[in-house]
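Let us read some features together, one at a time. Have the sequence and the 3D view ready.

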Amino acid sequence: MELSRNETLVLRFLSALPDNFVIERNIAIDGLDERAVSSAVSYLIQKDLVLHRFEATPEYSLGREGIAYVQEKLPEEAALEILKAAGKAELSAISDKLGEQGAKIAITQLARLGVKPSGGTLAVDPAQISILEKEISRRRKLLEDIRAGRKPDEGPVLEELLRRKDVVLRNIRKSREIKILRAGLDALSEGGDKIENLTAEVLQSGEWRTRGFREYDLNPKRLQDYSFPGPHPLTLFIDRIRRIFLQMGFREMSGDYMETALWNMDALFIPQNHPARDMQDTFYLEGDIKHPLSRKDREYQKIFSRVHEHGIPGYLGWGTKWDSTESERLLLRTHTTVNTIRYMAEHPEQPQAVFSVDSVFRHESMDWTHLAELHQIEGAVLSDHVSLGTLKWIIREFFTMLGLKNIRFIPSYYPYTEPSMDIVAEINGREVELGGSGIFRPEVTLPLGLKHKVMAWGMGLERFAMLYYGLNDIREIYRNDLGWLMTYKIPLGNKK
Ligand code: PHE
């Protein structure tokens, strides 16, 4: 029998009281809250390891009067103190001390205890006093018990106080009680103590060798209860983005995961000593995979080397030595702008608009806004109408079609665009960069023989999806949490 850690803890707790039913609420285990206990108990019931029943248990609390009585005095207590002094008192004197309401209660209570008024006076036999005091102190103790959260003695004193208005309140609560079964004890001794999660500590301590791992319960019967509303949210989002681009007249382009530095960087005028090239950001492929450059690529090497070292008419270039072996290095593409530049190089003449939604890879440490493998939404327009204004308009239009409005452009820098802008939006109260954009520099367009200007942008799909689905952590997208997959909502105005 496979047991989860919580199930094991609950069983262990119950095994200390093998013959008793234990109220679920009273199962106190360090580190488990009421919900965790309750869910473990439900699983144990399903697995026939514990017996359960529902018991109606009363809970007591103090009413408004009851609270006043413990803080000060019970009315009969106060009245008796007055009587004790002289053995008797005028009813009006009691009223003066206790108020009309208090006096009425005190007199009724004392009468029920055998001290009845006659002729406007209340008299008490000295022999009776200690009996009365005992009864009153029993009442006081009961109220104090309830106030302190202790279980009050059930009996005539409690019944009496329950009958009085607003003194003691009773609430019947149905609670689940459970008792460990033989099978539960067996399961526990069989070693319910299996490892649940493979962690660094489990590996370092060597526990994994001896303790064994808990199996996943992929019982399809239980999975039947889940109904999924449709495709994975990210698939749905990609679909929606594709449709918007196509509606706007864009053509979809594609490319390879593996690229040469020549196209991923050199073609885009990224200097060879640029920090983005080093091992921090780029996954270079190791080994001596000989990647023979095509004849055309060899031509491009000559062109890009000239542009990097000496520039183009009117522009100076980087002025540093360009290394052809550096351009032959293989890598996992770091951006889909490599798709754009390849597409443009092959189609330099006609105005056109292209897009892609595809994977890119970066040597990043993961956190709430970073992934090492992510998707980029890339768009580019080759046209005579390219300007910063049209670029801003088209990006805003794209967001509006997705029902998102609150984005901002801020000035930025990319080696291949001038001017450059970043697109930012607020997530978790922090401004997060969704992507970059700009107008390709002549150092990029001229050597490729492009006949028009190019505006381009690239956005992180997953960050964008955080905004779209209202997520607080980018990793949620790939966690495949069943709860989220069943309940995620498509923002207003966006049909599935
Ligand atoms: N390629 C850039 C990135 O990876 C985004 C970008 C695309 C910037 C096109 C300018 C133009 O962030």
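Q: In helix α12, which residues are buried?
A: Buried means under 20% relative accessible area, exposed over 50%, and partly exposed in between (1.4 Å probe, protein chains only). In α12, the buried residues are P233, L234, L236, F237, I238, R240, I241, I244 and F245. This is a predicted model: local features need pLDDT of at least 70, side-chain atom pairs count only at pLDDT 80 or more, and totals for chains, interfaces and linings use all residues. Residues are numbered from 1 along each chain as its sequence is written, and side-chain values use heavy atoms, with hydrogens and water left out.

Q: Where does α12 run, and what is a helix here?
A: Helices (H or I, at least four residues) and strands (E, at least two) are DSSP runs, numbered from the N terminus. Helix α12 covers residues 233-247. G249 follows α12, and its phi is positive, near 90°.

Q: How many salt bridges are there?
A: A salt bridge is a side-chain nitrogen of Lys or Arg within 4 Å of a carboxyl oxygen of Asp or Glu. By this rule there are 35. One of them joins D239 to R243, with the closest N and O atoms 3.3 Å apart. The two are four residues apart in helix α12, so about one helical turn separates them. D239 is partly exposed, at 37% relative accessibility. R243 is partly exposed too, at 45%.

Q: Which parts does the salt bridge of R140 and E77 tie together?
A: R140 and E77 meet through their side chains (3.3 Å, N to O). R140 lies in helix α6 and E77 in helix α4 (residues 75-86), so the pair links parts 63 residues apart in sequence. Both R140 and E77 are buried.

Notes: Expected span 1.5 Å × (residues − 1).
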